[in-house]
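Here's a quick briefing to read alongside the structure. Take a look at it first, then work through the points by topic.

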Protein chains: 2
Amino acid sequence: MLNPQRTIDELKELRAITGDDDGAQRVAWTDTWATARDWLHEKLSNLPVTLERDPAGNDWATLKGASEKELLIGGHMDSVPNGGWLDGCLNVLAGLEVLRRIASEGTPPVTVRLVDWADEEGARFGRSLVGSSACSGTLDPQKEIAHLKDKDGIPLPTALANFNVHLDTMKGAHSQLKNAKAYLELHIEQGPVLESMDLPLGAVIGTYGVERHAIRFIGQAAHAGSTPMDKRKDAFAAAAKLGLEIRPIAVRHHGVCTVGSVVTRPGIVTAVVGECDITLDQRNMDAGELAAMLQEAVEASQRFAAEEKCEVEWNRIWQIQPIPFDPHLIDLCDQAIMETVGVSHRLPSGPLHDAPEMQRAGVPTVMMFVQSLRGISHNKIEDTKEEHIALSVQALDRLATKTIDWILSQ
Amino acid sequence: MLNPQRTIDELKELRAITGDDDGAQRVAWTDTWATARDWLHEKLSNLPVTLERDPAGNDWATLKGASEKELLIGGHMDSVPNGGWLDGCLNVLAGLEVLRRIASEGTPPVTVRLVDWADEEGARFGRSLVGSSACSGTLDPQKEIAHLKDKDGIPLPTALANFNVHLDTMKGAHSQLKNAKAYLELHIEQGPVLESMDLPLGAVIGTYGVERHAIRFIGQAAHAGSTPMDKRKDAFAAAAKLGLEIRPIAVRHHGVCTVGSVVTRPGIVTAVVGECDITLDQRNMDAGELAAMLQEAVEASQRFAAEEKCEVEWNRIWQIQPIPFDPHLIDLCDQAIMETVGVSHRLPSGPLHDAPEMQRAGVPTVMMFVQSLRGISHNKIEDTKEEHIALSVQALDRLATKTIDWILSQ
């Protein structure tokens, strides 16, 4: 029988052994992370599962079913430094409880596997989703991560080798997916939407596509006292106009746009700003809308630069296409939530997660979100009501049952 | 006979002995500054003047006239590090040439004095106008400068003592003004107004009053991906609105307003800005208009903060009242310019100068500006056309003659 209270108790137990006064410290490729994973192995050792670490460092627990077809449930034990008590490990421990419930009923009709992805956060070396992207096949280890060092100068390959993970073999993890028919992941929302709607749970329709750019406006530094208003080439004025204009652009295209960093040069009280660097982060669930948001922002920046007698330069920092989750699994997720709490809501995911890597690898995928208090995560004050955690374990369990039926029907 | 070309030659001579590849290096209270002042003393020693260093370190050359009433002409030999070839010393060397012309005609009707103010720039210790404000009486040495240190940790009192200037006696310089009836100062504009109007010379109506504030908008840092546009408390959006709103405020009140520095926190590409610090510098020739500009900016900031669900805090960095120059001397300056180049223009001064200290001390004062190329100063590329320098020496000489007549008429 499913026991959601046990998940809450285990979350607290994990917090006690891998956190401190500043929060969770389960940074991937560290001793504390190893402690957390050993603790999980011990919990799993009481179940009729086989345990395996793949070449990318992902930990798999397999409950053999009547069919070779596999349902995957995943999460990550690693956290950011000074992190919260839920981000990542809620998914794993909720999955563990679902696995217990299924195992308690004898051999399941399909094989059920719990995966603890290695290094979702990228907190130590700066590259997120290391384990899941090695497994999905989207990671190019030599090109993307071989050169990375942590803040103490330790190379990533050295740190990974301590965990028996080697760059030239880690993509072998891909073979783990050969029988995978569906992937489920529960996560705290890490945003304010469900709380603002007073809803415990939501079905995630996919992850945003992202366009991330560094934009430089170049005007002319000038004396704040001796330069009349109509003689200025004020780079900050152009940047301020763009900072405001991105908001109607976001609303028009049902996405989000953020100016997160502003740097002014010379940046002193007595000088008109000669150069202003801003960052722009744009996200949308639709690739066409995302492209339109970018184009409109570029055009607006050029218009504002001209108005302020400035020049503007764009440099792309990063981009990724939207990754929509499986439509049928989104429906099942919605149903499972409805049956558990009577009301559901569909929303996109802003933050990165391992789940889209599974969708990209061709495994039908969906995520379920549980409400975050104050929308805060990556911080020790990250929290979710215990009653909502319990409901999320129940809903995930319902979703697993529905998904097994769906796999069998194929 | 006045020889403006000699002024240009002497400016180049001074540049050769006190500058390097990076520009002028006559920073006050340094050996290079002392070299420049010794060079000036040598030039003055050929004239029938008495030389004196006052207790604040200001150098005075006095050409005794038939009357004890005094006309003062002033400037400063000191420069910023890597400074230009004109800022400060043009005034002194043009004054030197005017003094030569007057001396060549025998005993003048009034006493004429050339003053080289000590440490106008404040480049080494951060406090401008040290010598002139000690003389005017507006400086409180123990309170304002006793604690200052240069970047190497050398205390200001130690550096000044090397030049025989002591904090407890320096205000004795005030007695230099007891017979002063007028003060004249020629300076490069350090701004773009005269160049943009294609005018060589302008009459300065006074120095702006200044209100300088640090403004902090406090919103809520939030994830750029998971936080919908209508759920944000974006501190940068509020700051951007204010950055644009200060411009119509400035235009409406015939002043200038500048946001020179913008700092965002957390200041990363993936987070809505939780805190945004900006600086606001507002300047106006009219105290009432300055107060109105400040009040309107405060009200606008509160309105924008409310719109963006943020809070706003203001902290004053500095303020000074407008200092209008003497109306009759402004008229005389205008006439001298008209007679020299056929066209004049009245404009306020944005940067600080020694001249307003004389006006504050009750000495009728005016400044004359000569065009700056590209409006740039405090930089080795600071420049003014030689033909304009020559015209400025002629116009200053005409203004000196008119001012002597005016002093005699009182």
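In chain A, 11 residues of domain 1 are in contact with eight residues of domain 2, where contact means heavy atoms within 4.5 Å. This is a predicted model, so local features need pLDDT of at least 70 and side-chain atom pairs count only at pLDDT 80 or more, while totals for chains, interfaces and linings use all residues; side-chain values use heavy atoms, with hydrogens and water left out. Residues are numbered from 1 along each chain as its sequence is written, and chains are lettered from A and ligands numbered from 1 in the order in which they are written.

**Domains of chain A**

- Domain 1 of chain A takes in 4-207 + 322-409, and domain 2 covers 209-320; the bounds come from an automatic or database domain assignment.
- Taken over C-alpha atoms, the centres of domain 1 and domain 2 of chain A are 37 Å apart.

**Helix pairs**

- Two packed helices are described by the angle between their axes and the distance between the axes.
- Here, helices (H or I, at least four residues) and strands (E, at least two) are DSSP runs, numbered from the N terminus.
- Axes are lines fitted to C-alpha atoms, for helices over the stretch in contact, and angles run from 0 to 180 degrees between N-to-C directions.
- Angles under 35 degrees count as roughly parallel, over 145 as roughly antiparallel, 65 to 115 as roughly perpendicular and the rest as oblique.
- Helix 2 (residues 31-44) of chain A packs against helix 3 of chain A at about 10 degrees, with the axes 11 Å apart, which makes the two roughly parallel.
- On the helix 2 side of that pair in chain A you'll find Trp39(A), Leu40(A), Lys43(A) and Leu44(A), which meet Val92(A), Leu93(A), Leu96(A), Leu99(A) and Arg100(A) in helix 3.
- By class, this contact of helix 2 with helix 3 of chain A has seven nonpolar, no polar and two charged residues (Ala, Val, Leu, Ile, Met, Phe, Trp, Tyr, Cys and Pro count as nonpolar, Asp, Glu, Lys and Arg as charged, and the others, Gly among them, as polar).
- Helix 3 (residues 89-103) of chain A also comes up against helix 12 (residues 386-409) of chain A: their axes come within 10 Å and cross at roughly 55 degrees, so the pair is oblique.
- The crossing of helix 3 and helix 12 in chain A is right-handed (left-handed if the near helix is turned anticlockwise from the far one by less than a right angle, right-handed if clockwise).
- Residues that meet between helix 3 and helix 12 of chain A include Leu90(A), Ala94(A) and Val98(A) from helix 3, and Ile389(A), Val393(A) and Leu396(A) from helix 12.
- Over in chain B, the axes of helix 10 (residues 327-341) and helix 12 (residues 386-409) come within 8 Å and cross at roughly 135 degrees, so these helices are oblique too.
- That chain B crossing of helix 10 and helix 12 is right-handed, and by class the contact has nine nonpolar, five polar and three charged residues.

- Arg113(B) sits in strand 6 (residues 110-116) of chain B and is buried at a relative accessible area of 4% (buried means under 20% relative accessible area, exposed over 50%, partly exposed in between, with a 1.4 Å probe and protein chains only).
- Leaving aside neighbours within four places in sequence, the contacts of Arg113(B) include Glu52(B), Trp60(B), Glu70(B) and Gln176(B).
- Met229(A) lies in the loop between strand 10 (222-223) and helix 8 (235-252) of chain A, and counts as buried at 18% relative accessibility.
- With neighbours within four places in sequence set aside, Met229(A) is in contact with residues of chain B, namely Arg247(B), Ala250(B), Val251(B), Gly255(B), Val256(B) and Cys257(B).
- Met229(A) and Val272(A) are 43 residues apart in sequence and 9.9 Å apart in space, C-alpha to C-alpha.

- Most residues other than glycine have a negative phi, and most peptide bonds are trans.
- A cis peptide bond joins Arg265(A) to Pro266(A), with omega about 0 degrees; Pro266(A) is in the loop between strand 11 (256-265) and strand 12 (271-272) of chain A.
- In chain B, the bond from Arg265(B) to Pro266(B) is cis, with omega near 0 degrees.
- Asp119(B), not a glycine, has a positive phi near 60 degrees and is buried at 2% relative accessible area.
- His254(B) has a positive phi of about 55 degrees, and is exposed at 65% relative accessible area.
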